[in-house]
Amino acid sequence: MHWRLKAKLVVRGNFENPLIGLYKKGSHEAVSIPHCLVHHPSINRAAKAIAEAIRKTGFPIYDEAGQKGLLRYVQLFAHRTTGAVQLALVLNASSLSPYIDQFCQALQSDLWHSLWLNFHPAANNRVLGDAWQKISGADWLVQPFLGENVLFHPGAFAQAHLELFEEIVSTIQSWVLPDSRVVELFAGVGAIGASLLSRIKKLLLVENNPFAKLSFHARYPKPPCEYRLEDASQFTEFASFDTIIVDPPRKGLGPVLLNNLCEANNLRLIYVSCGWPSFQSDSEALISSGWSLKRGEGFLLFPGTNHVETVALFEKSRCS
């Protein structure tokens with residue numbers, strides 16, 4: 001219980017009866033979850049405070065059918081030790097609305113780490129839009145992680161279960177040989193790669209999310225390694241590395257990267273997967289191209305569900 005530090009919750013209903021929670025499976029019907037036991041208690045407190053502010057101010061909630069109203073989603077990220085919440089309001093707007101000031105004043109509480117607006121006027125199924133504006137609070141949520149601090153902009157991806165993610169990263173550390181030359185693809189804010197810096201020779205991080213890169217450079221004003229903002233699924237420059245770490249989205253590596261990895265002759269490939277069907281398919285292709293599966297571990301990153309995060313070690317001889 002209470003393991004989930006980050007949640008994206010849909011907001012529907014009306015200002016008299018706001019629904020803050022999740023969609024019913026296979027639908028766009030919102031269900032309120034005010035007492036969710038997997039959420040950190042601060043997330044439940046935050047959802048309650050948001051609902052109270054909506055009722056108090058009459059803040060207009062997004063109507064999906066008519067594509068009207070303002071508040072579509074909220075993103076809540078709780079600090080591991082203080083419980084302070086980095087709050088993002090996802091708005092059906094491209095700029096500030098006259099409703100915002102009154103609503104933000106109604107939200108005033110010592111619960112918040114920071115308050116952000118995310119502008120998302122497009123009619124699609126994405127939760128977040130591309131444009132952000134900070135209203136108040138700190139620029140970065142600084143989360144303790146493996147004895148260090150990792151910084152997060154609200155637009156950067158973060159694992160919801162940081163305690164178990166630490167175990168995943170510790171496993172990866174044990175599989176990376178000292179003095180390795182490492183490239184990490186789909187690197188996010190660099191939590192995995194940066195944990196290796198003290199024991200490896202070279203590190204390149206590749207990620208296409210600009211807010212992840214901003215978070216990394218805020219953590220390291222003088223970067224200890226190269227961080228490239230580009231599409232990791234198109235990466236080809238494997239020759240100068242002996243170890244590859246990939247942590248792709250649920251759909252897997254993608255055809256270009258998978259083909260490039262099949263042709264690569266690196267010593268080690270560490271694959272972190274959040275999607276079993278894509279991992280199974282990618283693994284079959286890798287093994288048929290000469291990679292050998294040496295280790296595999298599963299982590300229940302979402303306790304209470306049947307989802308297993310897979311971490312696997314592949315090896316390949318230089319002469320393959």
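Predicted model: local features only at pLDDT ≥ 70, side-chain atom pairs only at ≥ 80, totals over all residues.
Which backbone nitrogen lies 2.8 Å from a polar atom of the side chain of Asn209? The nitrogen belongs to Phe211.

## Overall fold

The protein chain contains seven helices and 16 strands. Its radius of gyration is 21 Å, close to the 20 Å given by the globule rule for 320 residues, so the chain is as compact as a globular protein of that length. The C-alpha trace spans about 70 × 40 × 35 Å along its principal axes.

Among contacts in the chain with a separation of 6 or more, 60% are between residues 24 or more positions apart.

## Surface, burial and charge

Of the 320 residues in the protein chain, 53% are buried. The accessible surface of the chain comes to about 14,700 Å², and carbon and sulfur atoms account for 52% of that area.

The chain has 30 positive and 28 negative charges.

## Asn209

Asn209 sits in the loop that runs between strand 11 (202-207) and helix 5 (210-219). Is this residue buried or exposed? Its relative accessibility is 17%, and buried means under 20%, so Asn209 counts as buried.

The side chain of Asn209 takes part in polar contacts with backbone atoms of two residues. One is the backbone oxygen of Gly155, reached at 3.0 Å. The other is the backbone nitrogen of Phe211, 2.8 Å from a polar atom of the Asn209 side chain. Leaving out residues up to four places away in sequence, Asn209 touches Gly155, Ala156, Phe157, Tyr227 and Leu229.

## Ser233

Ser233 is also a loop residue, placed between strand 12 (226-229) and strand 13 (243-246). Its relative accessible area is 16%, which is under the 20% limit, so Ser233 is buried.

Which side chain forms a polar contact of 3.3 Å with the side chain of Ser233? The partner is Gln234. Apart from neighbours within four places in sequence, Ser233 is in contact with Phe186, Leu253, Val256 and Leu257.

Technical notes. Residues numbered from 1 in each chain as written. Heavy atoms only, no water. Helix = DSSP H or I, 4+ residues; strand = E, 2+ residues; numbered from the N terminus. Rg over C-alpha atoms; globule rule 2.2 N^0.38 Å. Buried < 20%, exposed > 50% of the residue type's maximum accessible area, 1.4 Å probe, protein only. Contact = heavy atoms within 4.5 Å. Areas by Shrake-Rupley, 256 points an atom, 1.4 Å probe, with all protein chains shown as cover. Lys, Arg positive; Asp, Glu negative; His and termini not counted. Charge placed at Lys NZ, Arg CZ, Asp CG, Glu CD. Polar contact = N/O pair within 3.5 Å; in protein donor to acceptor, adjacent residues only side chain to side chain.
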